[in-house]
Amino acid sequence: MFGGGGGGLNPRKMEQMMQQMGIDVDDIDAEEVIIRTEEYDLVFGDPEVTKMDARGQETYQIIGSPEEVEAGSADAGGEDDVDAAGAIPDDDVELVATRADVSEDEARAALEDNDGDLAAAIGDLE
C-alpha cells in the first residue's frame, strides 16, 4: 500500500509530500541549544536542529546528546549578561575561564570582544 518492502519513504518523496501539505522544513545551523527547567538545564552542544513550519505553527526538532547541568548555570549569552555600566559579571568570567581552560583575564577579554556572549567567547578561546 505504501511502496512495499517496509523500507520507508524516499526522502525526496517525503519532502514533496510535505510541501504539498504546506509544511516547510529548514535546517538551522545551531551551535548550542539550552532547555531550562526548574531543577536543571539541558545543554545540547553542536545539535542538529530542524524547524518545521506547518501553516504558521513552528515545531523544532533537536537531535543530539544533552548534558544535564545545574539549573541556571547554562547561559546562552545575550544582552542581560552585560550590566548597565557595561562591565562583565565575575560569574560569567569564571564560567568562561573554566569551560575554556584559560585565565580569568583571557576570559574577560574574550567576553568583552563578544559583548558578553558566553558561547561566542568560549568558542573563540577553544
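Buried here means under 20% relative accessible area, exposed means over 50%, and partly exposed is whatever falls in between (1.4 Å probe, protein chains only). You're looking at a predicted model, where local features need pLDDT of at least 70, side-chain atom pairs count only at pLDDT 80 or more, and totals for chains, interfaces and linings use all residues. Residues are numbered from 1 along each chain as its sequence is written, and side-chain values use heavy atoms, with hydrogens and water left out.

A quick word on labels: helices (H or I, at least four residues) and strands (E, at least two) are DSSP runs, numbered from the N terminus. Two strands pair if DSSP finds at least two bridges between them.

**Sheet S1-S4-S5**

- Three strands make up this open sheet, in the order S1-S4-S5 and with antiparallel pairing.
- Strand S1 (23-28) and strand S5 (57-63) stand at the edges with a single partner strand each, so one side of each is left without a neighbour in the sheet.
- From one strand to the next, the twist averages 20° (axes are lines fitted to C-alpha atoms, for helices over the stretch in contact, and angles run from 0 to 180 degrees between N-to-C directions).
- S1 pairs with strand S4 (residues 48-54) in the antiparallel sense over six bridges, and Asp26 has Lys51 in S4 as its bridge partner.
- On the S5 side, S4 and S5 are joined by seven bridges, again in the antiparallel sense; here Asp53 has Glu58 in S5 as its bridge partner.
- The hairpin of S4 and S5 has two residues between the strands, and Arg55 in this hairpin takes a positive phi near 55°.

**Sheet S2-S3-S6**

- This is an open sheet too, built from three strands in the order S2-S3-S6 with antiparallel pairing.
- S2 and S6 are the edge strands, and each pairs on one side only.
- The twist in this sheet averages 25° from one strand to the next.
- S2 and S3 run antiparallel and are joined by five bridges, with Arg36 bridging to Asp41 in S3.
- S2 and S3 also form a hairpin, with three residues between them.
- S3 pairs with S6 in the antiparallel sense over four bridges, and Tyr40 stands opposite Glu70 in S6.
- Glu67 sits in strand S6 and is partly exposed, with a relative accessible area of 46%.
- Glu67 and Tyr40 are 27 residues apart in sequence, while their C-alpha atoms are 9.9 Å apart in space.

**Positive phi in the loops**

- Asp46 is in the loop between S3 and S4, and its phi is near 50°, a positive value in a residue other than glycine.
- Asp46 is exposed, with a relative accessible area of 64%.
- Asp115 lies in the loop between H3 and H4, and its phi is likewise positive, near 50°.

**Largest pocket**

- The largest pocket holds about 350 Å³ of space.
- Grid points are joined across faces, edges and corners, and the volume is the space filled by probe spheres set on the points.
- The lining has 17 residues, and the closest to the pocket centre are Glu32, Val43, Arg99, Ala119 and Ile122.
- Strand S2 (32-36), strand S3 (40-45), strand S6 (67-70), helix H2 (90-100) and helix H4 (118-125) each give two or more residues to the lining.
- H4 gives the most, with four residues.
- By type, the lining divides into eight nonpolar, three polar and six charged residues (Ala, Val, Leu, Ile, Met, Phe, Trp, Tyr, Cys and Pro count as nonpolar, Asp, Glu, Lys and Arg as charged, and the others, Gly among them, as polar).

**Largest nonpolar core**

- A nonpolar core is a set of buried Ala, Val, Leu, Ile, Met, Phe, Trp, Tyr and Cys residues joined through side-chain atoms within 4.5 Å.
- The largest one has twelve residues, including Ile88, Val93, Leu111, Leu118 and Ile122.
- H2, helix H3 (104-113) and H4 each give two or more residues to this core, and the largest share, four residues, comes from H2.

Definitions and conventions: On a 1 Å grid over the protein atoms alone, a cavity is a set of points where a 1.4 Å probe fits but cannot get out, and a pocket is an open set with protein on both sides within 12 Å along at least five of seven lines; lining residues have an atom within 4 Å of a point.
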